[in-house]
Amino acid sequence: MIESLHLFRLVAREGSFTRAAELAGLTRPAVSQHIKHLEEHFGQPLFVRSTRQVTLTPAGEALLQHAERILGAVNEMETAMAALRPRDKIVVEVAASTLPGETLLPRALARFHREHPEAEVRVRIANTGAVLGWVRDGRADLGLVGQEVNDPWLESEQVVVDEIVLALRPGVVQPDPLPPDLLRQIPLVMREEGSATRSTVLHALGEIGITPGDLNVVAEVGSPEALKTALRSGVGDAFVSMACLSPGEFAFVRLKGLSIRRPICAVWQRHRPPADLHRALLDCMSALAE
């Protein structure tokens, strides 16, 4: 029942069985089966299904209120019981998108472990959309993402500020700063849909009149390391976070009249603020910019 309520709440929040399945790491039929069991148990439909969206029935609205209370109590129970278990290490679990999870967080861990040797940090990495879904659903206490978060279920705060530049293939030379109109002629490797890096770049370019259709995108990849591998192979130039670049790793340019910056933010459920060790980890990340 608890797992079914988790999935019911996820479908209700996302308005989509498919999206809920993606965030939960399940197939869509598996999610549908959980909802079917709930509907059979309560003897009434919980969702109105259409080709465009899924909405709650009156019974579904009532169940969602109860589910929020029940799942909140379950989280409190898990936390309280975990605190009573004898163990050598205190586990700090974090969900992070690729930039903070693969680049910034590892750099902060050395200082964190010096200050808190009793703690073990476990990190789950996915794209921004999945991380936010895990935090909303209570499957992660703390998330780290590369964009501002505007969500009624979540609180967030900026940890550091990152700059995105145009990294160049080996042997390619471009004027620095690069006139934005020249961008239309350059083969580009882009991050995948759902990436905060991609959305930040496209938003910034849109402000100066450059649309996605104006770009010569030759490949899309799913991580910063894949982006850099494509760069080294000469596939195309790529917008890359400065935090991902080692000194001298690639030549890069900025766009004339345009600074592409984005916050790296911590995010949590509104009613579950970060614990002391989570806060200490965020302080170690903030210290990277000092």
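Modeller: Helix α5 does, with 3 residues of the lining of the largest cavity. At least two lining residues come from each of α5 (98-115) and α7 (196-206).

Before going on, some ground rules. This is a predicted model, in which local features need pLDDT of at least 70 and side-chain atom pairs count only at pLDDT 80 or more, while totals for chains, interfaces and linings use all residues. Residues are numbered from 1 along each chain as its sequence is written, and side-chain values use heavy atoms, with hydrogens and water left out.

Now the space itself. Rolling a probe the size of a water molecule over the atoms shows where empty space is left. The search runs on a 1 Å grid over the protein atoms alone. A cavity is a set of points where a 1.4 Å probe fits but cannot get out. A pocket is an open set, with protein on both sides within 12 Å along at least five of seven lines. Lining residues have an atom within 4 Å of a point. Points are joined across faces, edges and corners, and a volume is the space filled by probe spheres set on them. By this rule there are 4 cavities of 30 Å³ or more. The largest cavity holds about 80 Å³ of space. Its lining has 15 residues, and S97, T98, L99, T128 and A196 are the closest to its centre.

What is that lining made of? By class, it divides into 4 nonpolar, 8 polar and 3 charged residues. Nonpolar covers Ala, Val, Leu, Ile, Met, Phe, Trp, Tyr, Cys and Pro; charged covers Asp, Glu, Lys and Arg; the others, Gly among them, are polar.

Follow α7 and you reach an open space. The second largest pocket has about 160 Å³ of space. It is lined by 13 residues, and S199, T200, H203, R261 and R262 lie nearest its centre. Two or more lining residues come from each of α7 and β11 (261-269). Here α7 gives the largest share, 4 residues. By class, this lining has 3 nonpolar, 6 polar and 4 charged residues.

In soluble globular proteins, nonpolar side chains tend to be buried together. A nonpolar core is a set of buried Ala, Val, Leu, Ile, Met, Phe, Trp, Tyr and Cys residues joined through side-chain atoms within 4.5 Å. Buried means under 20% relative accessible area, exposed over 50%, and partly exposed in between, with a 1.4 Å probe and protein chains only. The largest core has 37 residues, and F112, L144 and V240 have the most contacts inside it. Among the elements giving it two or more residues are α5, β3 (90-96), β4 (119-125) and β11. Contact means heavy atoms within 4.5 Å. Leaving aside neighbours within four places in sequence, F112 is in contact with V92, A119, V121, L277, A280, L281 and C284. Another core lies apart from this one, with 33 residues, L7, A67, L71 and V131 among them.

R114 also lies in helix α5. Is it buried or exposed? R114 counts as exposed because its relative accessible area is 61%. From R114 to L231 the C-alpha distance is 36 Å, and the two are 117 residues apart in sequence.

Last, the whole protein. It has 9 helices and 11 strands. Of its 290 residues, 49% count as buried. Its C-alpha trace spans about 65 × 50 × 30 Å along the principal axes. How far can you trust the coordinates? pLDDT is the predictor's confidence in each residue, from 0 to 100. The mean is 88, and 97% of the residues reach 70 or more. Helix α2 (residues 17-24) has the lowest confidence, at a mean of 81, and strand β10 (residues 252-253) the highest, at 96. Where pLDDT is low, the predicted coordinates should not be read in detail.
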